[in-house]
Amino acid sequence: MAGQALGRRKFGVFELDMGQRALLKNGRRVKVQEQPFQILSALVERPGDVVTREELRQRLWPANTYVDFDNSLGIAVAKLRQALNDDASKPRYIQTLPRVGYRFIASIELENPTSDPQSPVVLPPPASQPPAQRPPGRWKWGLTSIVVVLCLALWIPFASKRWFANATVALRPSVAVMGFRNQAARRDRDWESTAFSEWLAVDMEDGERLRTIPGETVARTKSDLELPDVDAFSPSTLAKIRKNTGADYVVAGSFFDTSGPGNGKVRLDLRMQDTRLGETVLVVSRTGTSDDLPGLVKVAGLALRQKLGVGFAAQAEGAAQQAGAAASPDARLYFEGLDKLRHFDALGARDLLQQAVAANPSDALAHNALSQAWTALGYLELAKREAQKAWELSGPLPRAERLSIEAGYRASNVEWDKAIRIYGQLLSLFKDDADYGLRLARAQIEVGQPKEALLTLEKLRKLPPPVADPAAIEIVQSEAAGKLGDFERARAFAASAAAAAESRGAQILVAEARAEECRQLIQLSRVEQAAAACESAREIYARSGDRAGLASSMGYLASTRFMAGDLAAARSLYTEALDIDRDIGNEGTAMWERNGLATVLWQEGDLDGARRRYEESLRISRLIASRPDEADALENIGFLWALEGDLRQARDMLEQALARFEAMADKAGTGSVWNNLGQTLYLSGDLPGAANALDKALAADRATGQKQDTADALLWMGRVRLAQAKWDEAQRAFENSVKTAAETGNEVFVAQCRVAMAGLSLAVGRAAEAESSVRASLALFERQHRGRQELEARTLLAEALLAEGKPAEARQELDRAAAQANATQQIAARLEFAVAAGRVDAATGKAGALRASAQRLQGAIAEATQHGLVSYRLEAGLALGAVELRQDSRNAGCELEKLQREAAAHGFQAIAQQAAAVGQALGLRRPLRPPCFAY
């Protein structure tokens, strides 16, 4: 090396004579001062390598020499460029790496005095060329998603990596930046730990040749494993970190910031450890100034990159030019907000990030993080606005971040086709980044493509662990299977995810999996198993400090208490969860608790109270500009109006909901509303309109794979065909309803469908078959404390028993249901009970009983007429006609004829046929009198 140091180096028309300390151009000496000469010597001694600013400081100025370093170095480099006739914007010899240093980029011929002068050694230029300049801005890396933060990905050859499976995907070395301990006693500098971690992650990712673990994943792992901020980890801890994050290397360390009001020194100590070997592979210590913290990180990061064999990135200069004043207030606000977002404090994050974007409106990453905070709080319209701003400002960012931000914006704007296309593009570009695949699958689920989502997830499973996290993949598989209505398969996925996460101590992921398992078990009506899963999730969320997760799990636990018939416990849990969500500002989840409380009130028979809760949800959904929640609230209110018998208001609300769901291209929501509209039209007597609406519901439900909604629409289609006396079509609809319901695994829902099909058996004269089917379902309803379903089943059972000639048993069933019937505000259940009771009352044939029966049925007709419930008015009229015939009423036969004609006109052929049959059965043979024809 000493010989080389005294040799001569030729580059272009220049020659640097180290021995004579001279710079020659075409053989003639060029005048150059000492400091520029020293800089040139340092650079040509290491062609292609970065010579840092700190190294130049030590070479040019002795220790304890105080100068204006930045200005002095800049002047010296400018003089050197002038001597070489070099252009900083298009360099031929010296490339500037802002805030880091410089490197020599030209080819050099080395002539060593001890070597053959005729055989010069040629040193090639570095492989990478000067990068394109990017517009200036802030150089910060933010949280692209509160669920999954982006990882840049592009494979490079690396000795420790191998192709896997069918050699279609190659894996890059991955690095997790675990954070930095603040050695100073000043808490006001704690934000620098997050800043150093983010800046270092940016530097390591730059050039797409390394994969860094998302900051949110690191935060979650530290919480799960209860890891403190330390300089190094034990081999066993490194193995756990690798298992949880997939990182090949971890970087940790500490910093000491002595800066005051003006300026000061900052020391950054880094340690890189190999998670597979459990060894420390590099220790770096660098010192910088508080006004150039990103530059300090870049110097340290360069050593890490060189150790990993990737050197200085081609994009490094452009990325560095995005660095602003690192210690500025907006930087602190951004990083403190980012830290709160990762530690379950979305409300605190929102406040800080709002200040950050106000201080620096052009910061795309701050806008993006603020969008995630608004999303976590349920303010979807505000989240969309910030996502759009982030996208519009994302031009200078690396392509993976830019594409990811755009995909997030497209999703927030319900442009699911574009979001899916972008996520697919990201996954194609960066095949070893499973996070993109998870986002793609979730977008496919949202747009109603759960089958496609399952295919995407199956491909992800082929990635080797720990790159592909089986637990994270199975949670999304559970969501997709649930959308398809395959609740048993969904439950199995969730249970498997929980076990996989538990095996490596990933507690927060365990909580997510248990909560998902709880949701699927609720769909399967396995109440106590669901409660156990929800309780497990609640305990973990409480320990981890995730209050949003805690409130959510309590809401689902409340659902299990509701299903078990413990309405007091359900109300208490919903209320407690709602208080938590209000405290943390989470209006999104609070909507779920409000709706849960509404359901409790509905079950208690307080439809007015339930509607007020839904109306509160509607008001808040409009306040936070959440279109999905607004549409849901409108549909819920419309549904309740239909239950109460106000069909005009029901249709108005449902049509508003339909317009909103259609505007959002929400097929699942559209199908649900069409189903409710079909039911409303059926009650109003418009059977063709009902059938048309239900056909649309079925088309939407089948397109989205919504099995439970499909089964419900088939159930109501069966009722429409039954009313039309299309017996075969009704049979097929009911059978398919039961079959589809059975595929969901929800035994209560299957029982409901069987009760509806029993109505067909009764209508076609198979009363014993109807009785048997209803009794089996009724036993389940009693065990599950399903009061509404129990009332419907007992009413139909009484009708079946009466048809079998068992009036006493029919009376017993009605007596058992009387209290529920008198308390219910649901007009359909009330009228069905009144009709059945009227028929049973008349069965004795006694005059008093017949009068009581007629009065009851007349009251039912009046109520049905008042509310425009044609179907129940006709049914009650049919029963009254039979009673009046038994009373030998003078007008009974005529009224039955009028009823027959009206029923036929509305398409209720079953009632028309029954009206004719009743008259014939009771001996009505005489010709109709003129007044009947006049009607």
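Predicted model: local features only at pLDDT ≥ 70, side-chain atom pairs only at ≥ 80, totals over all residues.
Helices, as runs of at least four residues, and strands, as runs of at least two, are taken from DSSP and numbered from the N terminus.

## Tyr93 and its surroundings

Tyr93 has a relative accessible area of 6% and is therefore buried, since buried means under 20%. Leaving aside its neighbours within four places in sequence, Tyr93 is in contact with a set of residues that includes Phe11, Gly12, Val13 and Phe14, and also Arg103, Phe104, Ile105 and Ala106. Leu84 and Asp86 are among the contacts of Tyr93 as well. Although Tyr93 and Ile105 are twelve residues apart along the chain, their C-alpha atoms are separated by 5.3 Å.

## A sheet of three strands

Strand β6 belongs to an open sheet of three strands, whose order is β5-β7-β6 and whose pairing is antiparallel. The strands β5 (51-52) and β6 (94-97) stand at the edges with a single partner strand each, so one side of each has no neighbour in the sheet.

The pairings can be followed residue by residue. Four bridges hold β6 and strand β7 (residues 101-104) in an antiparallel pair, and within this pair Leu97 has Gly101 of β7 as its bridge partner.

Helix α2 (residues 34-45) lies across β5, β6 and β7, and its direction makes an angle of about 60 degrees with β7.

## A hairpin

Another antiparallel pair is formed by strand β13 (residues 265-274) and strand β14 (residues 279-289), which are joined over ten bridges. Within this pair, Asp269 stands opposite Ser285 in β14. The hairpin of β13 and β14 has four residues between the strands, and Gly278 takes a positive phi near 70 degrees there.

| Pair | Axes | Angle |
|---|---|---|
| α28 (residues 667-684) and α30 (residues 707-723) | within 10 Å | roughly 20 degrees |
| α15 (residues 416-429) and α16 (residues 434-446) | 9 Å apart | about 160 degrees |

Because an angle under 35 degrees counts as roughly parallel, α28 and α30 are described as roughly parallel to each other. α28 passes α30 in a left-handed crossing. In this contact α28 supplies Ser672, Asn675, Gln679 and Tyr682, while the residues from α30 include Asp709, Asp712, Trp716 and Arg719.

For the other pair, an angle over 145 degrees counts as roughly antiparallel, and α15 is therefore roughly antiparallel to α16. The crossing of α15 and α16 is left-handed. The residues that make this contact include Trp416, Ile420 and Tyr423 of α15, together with Tyr436, Arg439, Leu440 and Glu446 of α16.

## The disulfide

How many disulfides does a search of the whole structure find? The search finds one, and it is formed by Cys518 and Cys534, whose sulfur atoms are 1.9 Å apart. Cys518 lies in helix α20 (residues 507-523) and Cys534 in helix α21 (residues 527-544), so the pair ties together parts that are 16 residues apart in sequence. The link of Cys518 and Cys534 has -85 degrees about the S-S bond and is left-handed.

Are these cysteines buried or exposed? Cys518 counts as buried at 0% relative accessibility, and Cys534 counts as buried at 1%. Cys753 also counts as buried, at 1% relative accessibility.

## A buried glutamate

Glu386 lies in helix α13 (residues 380-392), and with a relative accessible area of 9% Glu386 is buried. When residues up to four places away in sequence are not counted, Glu386 touches His367, Leu370, Ser371 and Trp374.

Key:
Residues numbered from 1 in each chain as written. Heavy atoms only, no water. Disulfide = S-S within 2.5 Å. Buried < 20%, exposed > 50% of the residue type's maximum accessible area, 1.4 Å probe, protein only. Pairing = 2+ DSSP bridges. Contact = heavy atoms within 4.5 Å. Axes fitted to C-alpha atoms, helices over the stretch in contact; angles between N-to-C directions. Parallel < 35°, antiparallel > 145°, perpendicular 65-115°, else oblique. Left-handed = near helix turned anticlockwise from the far one by under 90°.
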